Amino acid sequence: MATSPLQPWGESVEASSHDVLLIGGGAAGLRAAIAAAEVNPKLNIAVVSKVYPMRSHTVSAEGGAAGVAKPDDSLDEHAYDTISGGDWLSDQDAVEAFVAEAPQELAQLERWGCPWNREPDGHIAVRAFGGMKKMRTWFAADKTGFHMLHTLFQTTLKYQPISRYDEWFVTKLLVDDGVVRGVVAIELMSGRIQAILAKAVILCTGGCGRVFPFTTNANIKSGDGMALAFRAGAPLKDMEFVQYHPTGLPFTGILITEAARAEGGYMLNKDGYRYLQDYNLGKPEPKPVLRCMELGPRDRLSQAFVHEHHKGRTMETPYGPVVHLDLRHLGEKLINAKLPFVRELCQKYQSIDPVRELIPVRPVVHYMMGGVSTDINGATPLHGLYAAGEVACVSLNGANRLGSNSLPECLVFGNRAGKAAAEFASSHGLGNGAVMAQAADEESRLKSEFLHKTGGRERIATIRTEMQSTVEQSVGIYREEASLRAGLHKMMELQERYQDITLDDRSHTFNTELESALELGFMLDVAQSMVASAMHRTESRGAHQRTDFAMRNDEKFLAHSLLYRNFDGSARVEYSPVTITRWPPGERVYGQHAQHPDAKAVQRVS
Amino acid sequence: MADKIVMEIARYSPESDHEPHFESYEVPVKREWVVLDALNHIKDNVDGSLTYRWSCRMGICGSCGMMVNGEPKLTCATFLSSYARNGNKIRVEPLRYFPVIRDLVTEIGGFMEKLKKAKPWLMRASNDQLTEGTYLQTPEQLDRYKQFSMCINCTLCYAACPVTGLDPVFIGPAALALAQRYNMDSRDQGAAERTATLAHPEGVWGCTFVGECTRVCPKHVDPAGAIQQYKIAAVMDWLKSFVTPRGRDAGSQAGND
C-alpha cells in the first residue's frame, strides 16, 4: 500500500495517495480496477472496501448474466427487451453500449476462469430469464454472482498496481473547487482516521436495500456511495424506482432466483391457480414461454401479488402474506443440476424441500434502479468522480431492471468507468492543502458527533427500524400522495432524532457500532431522496406505481428525476430528458401474442 | 424447545482487557432464528459494543464464522433451536487458531496472504492465450474442478485444522483447495508454477490428513480430498522424473491429465 504519511499542513490527519481510488470491491469495483490497470500499468490503483472484497454483495447474485450469445438472438432484441422492460425510461445510448459490450465482458470473465455452465460440446450455455424474449442469460448454476466475484477477486491478485484497503469505511468525499480529490476513511481494525487522496475516485458501493425492512440485500447495503455523492453535490437520479423481486422467502427475505421460474417453476395462489394469467401476462402453458406468465418482468409480477392479496387469494403467515412457487414438476435431477442453491436455501432456512413441497414466497426489495447520475462512461457531474454498478444510474435499467442485466452492467460500466478514470488520472494532479483541512474537519466531526459525544438518548436500532417501516409504507409497491407526504414528515423527524443518537461503544478497535451509526446516517439521506423523488413523479411507470396517478405520462415524465442537495441542506428535484435513439416510447406488452419489433433484426452475433 | 436460552459470548478488547472473558446474555429463542440473529438482538437492544462480522445472512459471503459450542460454524446457518433443549447454553467464541482483533472478530490478513500464494488465477502459456471469445470446456471437464470452486473463504477449515494450530506457516486447506481448483481446470496451464509453492513443506506436505477441514466445510468443498489428489499427482511427477530422460514431462502437470 502506497501510504506515505504526509503532514505538510500541520494537520493531525495522515494521508496516503493514489492515482485511481475504487470505493467498493464488488463486481463493478474489481472490474474497474483491472480496467484502470490495463489502460496504464504505471498507475497506482487502490480498492477501499468496508469488507474484504470477496464478501461484497455481488456474491449473493444467483440467476445469471445477460449477453447475446447464440445465433438466434441479436443485440437489438436484447436492447428492446431492456428498454420495454424499463418502461422507456432507459437512456437508449447506454442500452446500446451495454448490449454490445456485455457479451465481450462475459467472455472476458470466462477467459479469467469463471466456471460458466456449458453445452455438451463445451460452448457457453444460456438460460431464459424474465422479460427476455431470447435465451441469453449466462449462468454458473445458481451461484453466478459468487463465481463472478471470486473469479474477479482472484484475478486482481495478479495485478501488482492494485493495492487494497480491506475493512476501511469511507465517511466523506473530499471535494475542492468542484473536483473530487479523495476520501476520508476509518481503518476498522485500528480506528485510525485517514485521508486517502486520489486523482480520480470511482464509487462502486452497490445498492441500498437495507433502508427497507424486508430485503434480499446484505447488511452492508446501506447506500453509502449514493449518500457520499449526494452530500458532495452530485445529483441522485431516478431514486423513486425500487425493484421488488417477486420471490423472497418470508422472514429472511432470502432470494429464490428468477432462474427457478426460467427453468419452469409456477407461481400459484392459495387455490393452486396460476394467477399471473389474470394480469395481462399471457396464458399458462406447461413449459416456460419467454416474456410470458412467470417470465414476465419483476415489477408486473410484484404488482400482481398485491392484487392477489387484495382479492384474498394469498396465504397468511407470521411474516406476512405469501403465494407459492412450485418447482415439484421439474424433478430432483433438474433441480440439483440447475438450482442446487435454491434447494439448499429452502432446506436450510425454510425447512422445506422444493423437490416435494411448495415454496412460500412474497415480494422483497431487491434492487435500486436509481443512483448517482453518470454518463455512459461512468462520469458524474463532479469532476474526478465516477460511479458504476448499482450505486450508479447510467441509466440502463429505466423504471424497472430486467433480471440478469445487473451483473453484466457491473462489468460493462465498471470497465468503462475504470478506463475513463484512468485517463482522467493520467492528465490531472492531486489536491492541495484545502482537502487536508477538510479531512481534519471530518475527523473532528467523527469525534464530536460520535466517539466523544455525551448526552445522546436515541438507539441506532430504534431509528433504523422506524426508518424502515416509514420507507415501506411510503415507497412500497404502490404509492400515493398522502403516505408519501407522511413519509417525508417522518423522515425529517428521524433526521432530527439521529442528531441525538448515543453509542455504547467508544473504543477505537473495530468499532462496528460507529460504523452502524454512520451507515444509518447514509440510509436516512437515501431514504429521504427516494420519498421526495416519488412524491414529485405524479405518474405511474415501471416500478413506480401511484394509485392517485395510475397512467404513464410521457408528455411530462419521459424524463429522469435528478435530486440535488442545496447548500442549506434542503433538496431540489430537476428533470432531464431521456435519450431515445431508435425505440420510440410504446406500450409494454407481455404474453404469447406480443409483437417484438426486432424479432427479425439482422444484427447477429456468432 | 425452550423459549429462552443463555448465550456465553467471548469478549475481548485490546484497549481494556489483558485476555478474553465470557459474558452471558439471555436471548429469546424463535424457530427461525440463527445464532447470528441472537447476536444482532444483543447488539441492537442490550449492548451495542458486541463486535462481530456479518453480511449476507444466506451462507455465501463467508463473513460470520465463529466457534459455536466448540465447533467452527457459519452463525447465519446455525439455528438456535438445535441448541435450545434442557437448559443448554450456547457458547460463542472467535474462530480458533486466528489472532483475535476484538470479541468475535479474527485477524485474517495471514489467510489472505496464503490465498495469494496459491496463485489462484487462470494461467496460459503466452503463445496460447485467447484475447477474445471463450475457451471450450465440456460439462465433464467443469465437473472435475467445480467442487473446489465452491469455497467461500469462510476460514472454518483453518479453525478445524490441527496442523494450522501447530504451524501457522502451513498454507492450509482452503488455499490448497483453491490451487487445486485451478490445477484441475482444463483451461489452466499453471499447475507447474503452483507446484513450486505447494510442494514445499509449508504447502501440501504439511497436511497430516486428519480430514477435519472437509468435515466442517459448509459448502462441501472437500479440501482434504484436494490435498490428497495433489499429493498423489506430485508423487507421480516426482517418480516420472526418474523415467523421463529430460526430467519432468511437460504434459504431466499435477492433477491436470
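1. Does Asp87(A) count as buried or exposed? In this predicted model, Asp87(A) counts as buried, its relative accessibility being 7%, which falls below the 20% under which a residue is called buried. Asp87(A) sits in the loop of chain A that runs between α2 (75-85) and α3 (92-111).

2. Arg57(B) is not a glycine, yet has a positive phi of about 60°, and its place is the loop between α1 (35-45) and β3 (65-68) of chain B. Arg57(B), with a relative accessibility of 9%, counts as buried.

3. On peptide geometry, the bond that leads from Val394(A) to Ser395(A) is cis, with omega near 15°. Ser395(A) belongs to the loop of chain A that lies between β18 (392-393) and α10 (406-426). Helix α10 itself contains Ser406(A), which counts as buried at 17% relative accessibility. When neighbours within four places in sequence are left aside, Ser406(A) is in contact with Tyr367(A) and Arg401(A).

4. Turning to chain A as a whole, the secondary structure comes to 15 helices and 22 strands. The chain has a radius of gyration of 23 Å, close to the 25 Å that the globule rule gives for 606 residues, so chain A is as compact as a globular protein of that length. The C-alpha trace of chain A spans about 75 × 50 × 50 Å along its principal axes. Of the 606 residues in chain A, 70% are buried, and among the contacts in this chain with a separation of 6 or more, 74% are made by residues 24 or more positions apart.

5. The surface and charges of chain A can be set out together. Chain A exposes about 19,400 Å², and 51% of this area is supplied by carbon and sulfur atoms. The side chains of chain A include 64 that are positive and 72 that are negative, and the centres of these two sets lie 4 Å apart.

6. For chain B, the secondary structure consists of 9 helices and 7 strands, and the C-alpha trace spans about 70 × 40 × 35 Å along its principal axes. Of its 257 residues, 56% count as buried. Where contacts in chain B join residues at least 6 apart in sequence, 63% of them are between residues at least 24 apart. The accessible surface of chain B is about 11,000 Å², with 52% belonging to carbon and sulfur atoms, while the mean positions of its 29 positive and 30 negative charges are 3 Å apart.

7. How many residues of each chain take part in the contact between chain A and chain B? The contact involves 66 residues of chain B and 62 residues of chain A. The size of an interface is often given as the accessible area lost when the parts come together. Here the area buried between the two chains is about 5,300 Å², of which carbon and sulfur atoms give 55%. Met58(B), Ile60(B) and Met112(B) supply 12% of the area that chain B buries against chain A, more than any other three residues.

8. Not counting residues up to four places away in sequence, Gln154(A) touches Pro120(B), Trp121(B), Leu178(B) and Tyr182(B).

9. A last point concerns Lys89(B), which is placed in strand β5 (residues 89-93) of chain B. Lys89(B) is partly exposed, with a relative accessible area of 46%, a value that falls between the 20% limit for buried and the 50% limit for exposed residues. Apart from residues up to four places away in sequence, Lys89(B) touches Ile5(B), Val6(B), Glu8(B) and Asn69(B). Lys89(B) and Glu202(B), by comparison, are 113 residues apart in sequence and 38 Å apart in space, taken from C-alpha to C-alpha.

Key. Residues are numbered from 1 along each chain as its sequence is written. Chains are lettered from A and ligands numbered from 1 in the order in which they are written. This is a predicted model: local features need pLDDT of at least 70, side-chain atom pairs count only at pLDDT 80 or more; totals for chains, interfaces and linings use all residues. Side-chain values use heavy atoms; hydrogens and water are left out. Helices (H or I, at least four residues) and strands (E, at least two) are DSSP runs, numbered from the N terminus. The radius of gyration is taken over C-alpha atoms; the globule rule is 2.2 Å times the number of residues to the power 0.38. Buried means under 20% relative accessible area, exposed over 50%, partly exposed in between (1.4 Å probe, protein chains only). Contact means heavy atoms within 4.5 Å. Accessible areas come from the Shrake-Rupley method with a 1.4 Å probe; for residues, only the protein chains shown count as cover. Lys and Arg count as positive and Asp and Glu as negative; His and the chain ends are not counted. The place of a charge is taken as NZ of Lys, CZ of Arg, CG of Asp or CD of Glu. Buried area is the accessible area (1.4 Å probe) that two parts lose on being put together, summed over both.
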